[in-house]
Every structure is written in C-alpha cells, then in structure tokens.
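User: Hey, I'm new to this one. Can you walk me through it?
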Amino acid sequence: EAKSAGGGAFRLYREDMNERVKARLLQEHQLRLALEKGELVVWYQPRVDIAKQRIVGAEALLRWQHPERGLVPPNEFIPLAEEIGLIEELGTWVLKTACRQNRLWQASGLPPLKVSVNISPHQLAPESSISQAVQDTLRETGLDPKWLELEITESSLMQNVESTLTKLVEIRDAGVSISIDDFGTGYSSLSYLRHLPVDALKIDQSFIRDISASRDNAAIVSATIALAHTMDLKVVAEGVTTEDQVRFLQSHECDEVQGYILSPAVPPDDLSRLLRQGKVLSRPGQVH
Ligand code: C2E
Ligand code: MG
Ligand code: MG
Ligand code: MG
C-alpha cells in the first residue's frame with residue numbers, strides 16, 4: 001500500500017520534472033531562434049542632464065517580442081541566456097544594434113547622445129573578448145567611441161579582478177566610458193572604485209524610490225553624490241518617478257536623471273520624437 005503510493009508520487013514527480021525539462025528546452029530553443037527571427041528588439045530609455053535640462057543619453061534595454069507571450073522583459077530571459085552560453089552572442093548583438101542606432105540618430109541630424117549598453121558579468125569572464133567586440137563594433141558602425149558607454153554591475157568588478165581590470169582598461173583606452181550600474185546594491189566602496197577605470201555611477205532605484213520618506217536613503221544618496229564628485233565621477237539617478245525626487249537630486253547636484261518621470265524605454269522612433277520635441281522633465285520651472 002505505502003509502496004504503491006510512493007511509486008505513484010515518484011511517477012508524478014518524474015512527470016513533473018519531465019514537463020519542466022521539456023518547457024526549459026523549448027524556451028532555450030525559442031530564445032536561440034528569437035535572435036535569428038528578429039524577435040529581439042532594443043528599446044531606449046532617455047537620460048536627462050538636470051542642469052542643462054535636455055536629453056544627453058539613453059540606455060539600451062533588451063526586449064523579446066514573443067509571438068505568444070507578448071513583450072517579455074529582460075529579467076525573464078537574460079538569466080537563461082547566461083545559463084546556456086548565449087549571452088556573449090546576445091550581448092554583442094545588443095552592442096552592435098545600439099551603436100548602429102546611435103549612428104542613425106546622428107545621421108538624421110538629432111543632437112548627439114551617449115548610448116549605454118548593459119554588460120553581463122559573463123561577458124567579462126576571463127575567456128571572453130569583450131574589448132575586441134567593442135572595438136570591432138566601433139569600427140563596423142563608425143560610431144565615435146565618446147558616444148558609447150558600458151554599464152557594468154558592482155558584482156562583476158569583484159570577480160576575476162585582474163582580468164576584468166585589464167578588459168576595462170582596454171575599453172577605456174578605446175575611448176568608451178564605463179559606468180557602475182545599480183550602485184549601492186553590491187559591496188564595492190567608493191574608495192575601491194577610485195582605482196578603477198570608471199566614469200559614472202548609476203545610483204540604484206531602490207535608494208531613489210523613497211528618498212523623500214527615508215532619511216537614511218536621502219543621506220546615502222547625498223553622500224554618494226558628494227563623494228563621487230570628489231572623485232570626478234558623474235552621477236546618474238535611476239528610477240526617478242516624482243518631482244520631489246527631481247528637486248532633491250537637483251539640490252544635491254546629481255548630474256543626470258533616468259526614470260518614468262521622463263519616459264520608460266521606448267522604440268527607436270519614439271526616442272527620435274522625444275529628442276525632436278526637446279522633451280525634458282515635467283514642469284522644469286517648478287524644479288528648484
Ligand atoms: P538596469 O540596467 O538597472 O535597467 C534599469 C531598469 O529599470 C530597466 O528595466 C528599466 O525599464 C527600469 N526602469 C527605468 N526607470 C524606471 C522607473 O522610473 N521605475 C521603475 N520601476 N523601473 C524603471 P528592464 O528594461 O526591465 O531591465 C531590467 C534589467 O535587465 C536591467 O536593469 C539590466 O540589468 C538587464 N538588461 C536589460 N537589457 C540588457 C542587455 O541588453 N544586456 C544585459 N546583460 N542585461 C540587460
Ligand atoms: Mg543598466
Ligand atoms: Mg540599473
Ligand atoms: Mg538592474
């Protein structure tokens with residue numbers, strides 16, 4: 001009796017596992033095909049310079065236009081791409097797409113933008129050739145390197161320190177900027193960053209979210225901006241959604257703002273429109 005019940009449970013477990021393995025294999029297959037079928041797209045979220053009150057940059061953000069699932073956000077498929085060893089190819093594709101797009105914007109007479117591209121920690125692994133990919137891309141697209149920035153996370157700076165540093169120096173020497181994404185969520189200190197070839201910090205949106213309500217977060221953000229400036233680092237605030245946040249950031253001399261208050265990530269043509277309109281933060285006159 002107990003034995004047969006156990007057997008049944010085991011069979012159920014096995015069936016369940018088979019289903020999950022099948023679903024995963026299908027997803028893996030679909031993701032590989034998606035790149036070939038052109039279902040992957042890069043959208044762009046503008047960044048505004050608070051002092052200049054104009055769009056000076058945009059972050060390239062990957063999306064999957066899935067025929068059945070609709071628009072799939074990157075957090076739902078990038079981990080899979082990393083797991084199955086597809087992230088290098090995918091990352092290089094994003095890099096090329098973003099540089100080509102930036103050239104197109106420039107060719108159409110729009111004010112120049114610095115486009116930033118997210119780099120997975122896997123792309124900085126010792127055996128990877130990110131700096132070569134960056135240089136090839138710049139040559140192929142003809143983009144001036146000063147209009148390209150790579151966003152890397154704090155945690156990728158902590159892995160393979162020596163080889164990562166070599167890569168970053170090569171990229172920097174090629175004239176490309178480097179920013180630290182989601183700053184504050186990892187363990188790197190500002191004094192550690194002093195020794196790294198870094199140009200900008202992007203303060204994670206979790207610190208910005210309740211900047212007005214949490215005195216701790218307000219203190220962290222204002223101290224980070226002040227210290228970063230003493231080290232000649234530019235500071236970008238991520239996930240800005242309210243005018244109160246903009247006011248706070250402006251009064252603490254944060255350099256740039258990115259967030260839904262301005263725009264979410266949009267397709268390339270929509271960004272052109274925002275640029276032509278000269279879209280800035282809402283009610284700039286109210287911002288002190
Ligand atoms: P991230 O690099 O920190 O990008 C910022 C994320 O915050 C984006 O989510 C963006 O849409 C979202 N965001 C921007 N403003 C606001 C706001 O005001 N409120 C809120 N709630 N969210 C805001 P997204 O596009 O879903 O991307 C998530 C993460 O996926 C990115 O975080 C990045 O780590 C990763 N990712 C995106 N594209 C790529 C890529 O091409 N390569 C790699 N390796 N990772 C990517
Ligand atoms: Mg980013
Ligand atoms: Mg971020
Ligand atoms: Mg993030």
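User: What does Q205 do around ligand 1, in terms of distance to an oxygen atom?
Analyst: A polar side-chain atom of Q205 lies 3.3 Å from an oxygen atom of ligand 1.
User: How much of ligand 1 does the protein cover?
Analyst: On its own, ligand 1 has 800 Å² of accessible area, and the protein covers 81% of that. Areas here come from the Shrake-Rupley method with a 1.4 Å probe, and for residues only the protein chains shown count as cover.
User: Before we go on, where do these numbers come from?
Analyst: This is a predicted model, where local features need pLDDT of at least 70, side-chain atom pairs count only at pLDDT 80 or more, and totals for chains, interfaces and linings use all residues. Residues are numbered from 1 along each chain as its sequence is written, chains are lettered from A and ligands numbered from 1 in the order in which they are written, and side-chain values use heavy atoms, with hydrogens and water left out.
User: Okay, which residues are closest to ligand 1?
Analyst: E59, R63, N118, D181 and Y260, out of 21 that surround ligand 1; a residue is in that shell if one of its heavy atoms lies within 4 Å.
User: Which strand gives the most to that shell?
Analyst: β2, with 4 residues. Strands are DSSP runs of E, at least two residues long, and helices are runs of H or I, at least four, numbered from the N terminus.
User: And what about D181 and ligand 1?
Analyst: A polar side-chain atom of D181 lies 2.8 Å from an oxygen atom of ligand 1.
User: Is D181 buried or exposed?
Analyst: Buried, at 7% relative accessibility. E238 is buried too, at 8%. Buried means under 20% relative accessible area, exposed over 50%, partly exposed in between (1.4 Å probe, protein chains only).
User: What about E140, buried or exposed?
Analyst: Exposed, at 53% relative accessibility; E140 sits in helix α4 (residues 130–141).

Notes
A polar contact is a pair of N or O atoms within 3.5 Å; within protein, one must be able to donate a hydrogen and the other to accept it, and residues adjacent in sequence count only if both atoms are side-chain atoms.
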